[in-house]
Amino acid sequence: MKKILVANRGEIALRVMRACREMGIPTVAVYSTPDSAALHVQFADEAVCIGAPPPLESYLNIEKIIATAKERGADAVHPGYGFLAENPDFARRCEEEGITFIGPGSEAMRLLGNKVESRKTMVAAGVPVIPGMMAGGSDCAALGREATAMGFPVLVKAAGGGGGKGMRIIREEKELEESVSSCMREAKSAFGDATIYLEKYIEQPRHIEFQILADKHGNVVHLFERECSIQRRYQKIVEETPSVALTPELRQEMGSVAVRVAKTAGYTNAGTVEFLLDQNGSFYFLEVNARVQVEHPITEAVVGLDLVKQQIRVASGERLSIKQEDLRQRGHAIECRIYAEDPESGFLPCAGRILFVKEPQGPGVRCDSGIFTGCEVSVHYDPILSKLVVWDETREQACRRMASALRDYIILGIKTTTSFLADVVQHPAFLDGKTHTGFIPMHFADWKMPGPGESELRMALLSAAAFSRNARGGPKARGKVGAETEAPSPWVTGGRWRIAGIG
Amino acid sequence: MEFNFVVGDREEKLIAEEKEGLWSCTVGDAAFEAEVVRVGPNSFRIVSGGKSFVTYAAEQDGKFYISLGGRQYSVARTSGAAKRRSAVGGALKGEEVVAAPMPGVIVKVPVTEGEVVAADAVLVVVESMKMENNIRAQGEARVKRVHVKAGDSVNFGSALVELEPVSKQSA
């Protein structure tokens with residue numbers, strides 16, 4: 001590959017560009033107008049503005065992105081995750097234009113990207129699926145009859161994409177119409193396809209997924225599991241590997257099913273086969289995420305492979321150089337997703353300016369970030385800011401390392417999930433491995449940031465006072481008492497002040 | 001120097017004298033001393049009572065953001081924007097201005113002016129960062145005014161709808 005256009009923004013665009021640079025491949029960034037100073041634009045060898053902030057006018061604008069790739073001589077496109085990553089029309093347009101799409105072929109994507117179609121195919125191949133799923137559609141009366149037939153509660157999901165966008169639990173028939181129409185609007189807005197589907201809701205399952213890697217010569221391996229049970233709004237916020245719930249036998253069985261899923265679909269490149277694992281140890285195929293996953297770094301940490309480089313090699317036609325029997329899981333890795341959200345009020349998104357960022361460092365700590373001091377977090381895009389990934393020898397040590405790294409992750413100016421996540425990874429039930437998809441609602445429904453203790457209060461007040469006094473002078477202004485006291489300080493003349501936990 | 005704060009629901013007063021980075025302070029009845037060293041544009045090392053702290057601070061629109069020990073706190077003037085916003089709401093006796101809890105784009109306004117809505121009814125659907133958020137009525141009310149329509153962009157705190165008690169008009 002001579003040049004790769006990265007059709008994404010934020011941390012994943014940077015992640016892909018780093019791999020490209022290390023492989024000696026120049027990159028082209030595309031960006032919307034407010035992203036002109038974004039990190040991915042700064043990192044790329046070339047950057048092209050492709051439109052206005054709404055995704056449909058820029059990051060989802062297929063023709064504009066194709067035209068930019070051709071104009072800049074990019075012979076491959078990496079879509080990252082989200083946006084166009086699982087849009088078969090985009091993959092097909094790339095194929096038509098002779099541009100290598102770094103991901104699965106459009107036909108496999110079309111099959112797997114549609115949960116209804118992929119379920120039919122997998123049932124035929126003997127893959128276990130969740131009971132009671134049905135064909136997609138948007139006729140509310142028909143959906144109501146199907147839901148009643150399978151029995152409430154049911155889940156309504158977008159047929160055309162993942163990430164929990166649009167997903168809702170419906171416990172009673174009277175909730176159906178509102179939930180279905182909201183789901184359809186979110187599906188239309190996020191994926192350009194309003195088709196939805198229903199399935200029987202399984203109580204307190206674990207979310208277990210298998211990373212797969214497939215070349216264009218029929219070779220498929222799995223890179224073991226990730227457990228992603230810790231979710232809010234049906235979207236993962238903490239992921240880990242290995243899962244405490246898998247025995248070696250179950251791991252092998254699920255892994256071979258994952259490989260069978262990939263082979264059945266004619267899948268190539270990196271992908272993820274998602275399963276639900278119920279409390280009796282039965283597992284059900286959910287869907288295939290036909291893209292590099294947000295949580296791919298934890299797999300990289302325990303198997304010692306660079307998944308993005310593998311994607312690029314496989315896409316350019318190379319054979320997989322790894323065999324299943326050579327793969328081992330080493331140690332334990334955890335990822336926490338840092339979102340611009342307020343965990344004290346239902347994880348409402350919090351856009352705004354980031355005033356200061358300091359990322360954690362240290363052995364076994366990786367921070368994949370798309371933010372910097374002074375950047376604006378836009379209302380137009382997903383509120384993910386960065387991903388903090390730790391590796392350590394054991395799960396217990398990895399939990400401690402994560403808690404320590406989160407404590408060192410300073411983001412000022414907007415609300416984020418760092419403090420909340422530190423409490424999650426130190427919760428006794430989490431440390432015991434008693435994780436399931438209802439973990440956050442069960443243990444953290446009313447979470448509040450602890451208020452300052454006596455000494456924290458003093459230090460917070462003092463810090464605000466000291467920051468205010470020295471704000472213009474920088475570090476050297478310290479100690480210049482005479483000059484400072486000449487001018488009236490806002491701290492002397494100002495009114496009352498309020499201190500509280502953020503939120 | 002004298003600083004008046006509100007901590008949670010409690011008022012706190014910080015009295016401080018600073019000389020060469022050494023601060024002599026009183027918070028409430030307790031006096032303490034602290035050595036404050038600015039170690040970066042936004043970070044301080046503070047030694048007080050034999051303990052060492054590292055704190056991070058930033059400021060925007062009169063509001064300070066402080067991080068220490070992995071927790072974040074905000075310190076703001078009560079005469080700032082937040083106070084003014086709540087004053088507008090408070091001025092409407094028995095009525096309520098429902099404000100946007102986040103910046104975003106209005107997806108849908110399922111209510112119309114004059115309509116009586118039940119508790120928990122969806123008043124406005126706001127999309128922010130790809131998620132739809134239902135803004136609901138706290139209790140039964142009549143919709144007095146609707147300020148937004150589908151497609152409008154709103155900021156944090158923008159008025160969405162005004163509600164009034166149901167009894168008021170029927171009386």
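**A tour of the model**

Guide: Of the 503 residues in chain A, 53% are buried. Buried here stands for 20 or more other C-beta atoms within 10 Å of a residue's own, exposed for 12 or fewer, and partly exposed for anything in between, with C-beta atoms placed from the backbone. This is a predicted model, where local features need pLDDT of at least 70 and side-chain atom pairs count only at pLDDT 80 or more, while totals for chains, interfaces and linings use all residues. Residues are numbered from 1 along each chain as its sequence is written, and chains are lettered from A and ligands numbered from 1 in the order in which they are written.

Visitor: Why is B:Lys149 called exposed?
Guide: B:Lys149 has 10 other C-beta atoms within 10 Å, so it is exposed, as the limit is 12 or fewer. B:Lys149 sits in the loop between strand 14 (141-146) and strand 15 (153-154) of chain B. Helices (H or I, at least four residues) and strands (E, at least two) are DSSP runs, numbered from the N terminus.

Visitor: Which residues does B:Lys149 contact, leaving aside its neighbours within four places in sequence?
Guide: B:Lys149 is then in contact with B:Ile106 and B:Val109. Contact requires C-beta atoms, placed from the backbone, to lie within 7 Å.

Visitor: What makes helix 11 of chain A largely enclosed?
Guide: Eight of the nine residues of helix 11 (residues 307-315) of chain A are buried, so the rest of the structure largely encloses it. Among these buried residues are A:Leu307, A:Ile312 and A:Val314. The buried residues of helix 11 pack against several elements of chain A, including helix 1, strand 9 (206-214) and helix 10 (296-303).

Visitor: Why is chain A said to be as compact as a globular protein of its length?
Guide: Chain A has 18 helices and 23 strands. Its radius of gyration is 24 Å, close to the 23 Å that the globule rule gives for 503 residues, so chain A is as compact as a globular protein of that length. The radius is taken over C-alpha atoms, and the rule is 2.2 Å times the number of residues to the power 0.38.

Visitor: How do you know that domain 1 and domain 3 of chain A touch?
Guide: 23 residues of domain 1 are in contact with 25 residues of domain 3 in chain A. Helix 1 of chain A gives the most to the domain 1 side, with six residues. The domain bounds come from an automatic or database domain assignment, with domain 1 at 4-102 and domain 3 at 206-444.

Key
Contact = placed C-beta atoms within 7 Å.
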